[in-house]
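Subject: Structure handover

Hello,

Here is the structure we talked about, with notes on what was found in it. Please open it next to this email and follow along.

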Amino acid sequence: MEAGIGRLVTVDERDQWPGGDLRTAFAIGRGYALTAWHCLRDIGGTEARVWLRLHRKESIPEYIDIPMRYEHHVERLDAALLAIDETALSIGKSDLTGQELRDLLASAALPLGISVEAHDKVRIAGFPQANPAEWCVMFRGKVSQVDTTIGQANATRLYVDEFAARYPESPKGMSGGPVIRKCPDGSERVVAILSVFPSIPNG
């Protein structure tokens, strides 16, 4: 699944990483990706120009930047849909065509699900700002509450040991990443998008 999870970077951040604010997005199908709406809202909203940076094993260059544009969002879910921006291909760091990029996103797409229950074990994935790893970082957690609200947004609360430790990992940069649940048949599916992180361990 890691191949379909990438950093979402602005035009100014493309050449400066690891400087700047980090955010995460993930591929879901032919030409599309998901992220948290607040990640886009804070950098231009519906007019945001962003690139989904996917790392590739045993490839040169080691990553590919896919230009993405805003397609749709649902504020109460803090979710945003992105689509490949073919008008920006000429300024991307790739020789691939729009069709080849759509095929790439399709091959790396994370399967989506809708079912999650309290106490389910999950994995969350993203790019913590304090962690310089090229590939996404994954943490294990547990669903503590389903169908709650944070502000005006519908939400599912998770408990992640690494964020509640005495010397915790920083979750900044994880927003927009997937929450992945292992289904009874052994398959894994995305059941939520990472959004707000409470400032207290039991929040």
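W135 sits in the loop that connects β7 (121-126) and β8 (137-150). Helices (H or I, at least four residues) and strands (E, at least two) are DSSP runs, numbered from the N terminus. This is a predicted model, in which local features need pLDDT of at least 70 and side-chain atom pairs count only at pLDDT 80 or more, while totals for chains, interfaces and linings use all residues. Residues are numbered from 1 along each chain as its sequence is written, and side-chain values use heavy atoms, with hydrogens and water left out.

**W135 and its surroundings**

W135 is partly exposed, because its relative accessible area is 24%. The cut-offs are these: buried means under 20% relative accessible area, exposed over 50%, and partly exposed in between (1.4 Å probe, protein chains only). Not counting residues up to four places away in sequence, W135 touches E2, A3, H55, R56, K57 and F127; contact means heavy atoms within 4.5 Å. For A3, the C-alpha atoms are separated by 8.2 Å, although W135 and A3 are 132 residues apart along the chain.

**The chain as a whole**

The chain has three helices and 11 strands. Starting at the N terminus, the order of elements is β-β-β-α-β-β-β-α-β-β-β-α-β-β. Of its 203 residues, 44% count as buried. Among contacts in the chain with a separation of 6 or more, 56% are between residues 24 or more positions apart.

**The barrel**

Six strands close into a barrel, in the order β1-β2-β3-β6-β5-β4, with antiparallel pairing. Two strands pair if DSSP finds at least two bridges between them. On average, neighbouring strands of this sheet are turned by 45° against each other, direction ignored.

Some of the pairings can be followed one by one:

- Strand β1 (residues 5-10) pairs with β4 over four bridges, in the antiparallel sense. T10 has V50 in β4 as its bridge partner.
- β2 and β3 run antiparallel and are joined by three bridges. A27 is placed opposite A33 in β3. The two strands form a hairpin with two residues between them, and G31 in the turn has a positive phi of about 90°.
- β3 and β6 also run antiparallel, joined by five bridges. L34 has L81 in β6 as its bridge partner.

β3 is mostly covered, as four of its five residues are buried. The helix α2 lies across β2, β3 (32-36), β4, β5 and β6, and runs at about 80° to β5. Axes here are lines fitted to C-alpha atoms, for helices over the stretch in contact, and angles run from 0 to 180 degrees between N-to-C directions.

**The cores**

A nonpolar core is a set of buried Ala, Val, Leu, Ile, Met, Phe, Trp, Tyr and Cys residues joined through side-chain atoms within 4.5 Å. The largest one has 20 residues, of which L8, L40, L52, I66, M68 and L105 touch the most other members. At least two residues of this core come from each of β2 (24-29), α1 (37-41), β4 (50-55), β5 (63-74), β6 (79-84) and α2 (98-108). β5 gives the most to this core, namely four residues. Another core, of 13 residues, lies apart from it; F26, C136, I180 and V190 are among them.

Which residues is L40 in contact with, leaving aside its neighbours within four places in sequence? They are L8, T35, G45, A48, V50, Y70, A80 and L82.

**Other residues to look up**

D65 is found in strand β5. D65 counts as buried because its relative accessible area is 1%. Its side chain is joined to that of R53 by a polar contact of 2.8 Å. A polar contact is a pair of N or O atoms within 3.5 Å; within protein, one must be able to donate a hydrogen and the other to accept it, and residues adjacent in sequence count only if both atoms are side-chain atoms.

Is I114 buried or exposed? I114 is exposed, because its relative accessibility is 87%. I114 lies in the loop between α2 and β7. From C-alpha to C-alpha, I114 and A192 are 8.2 Å apart in space and 78 residues apart in sequence.

Regards
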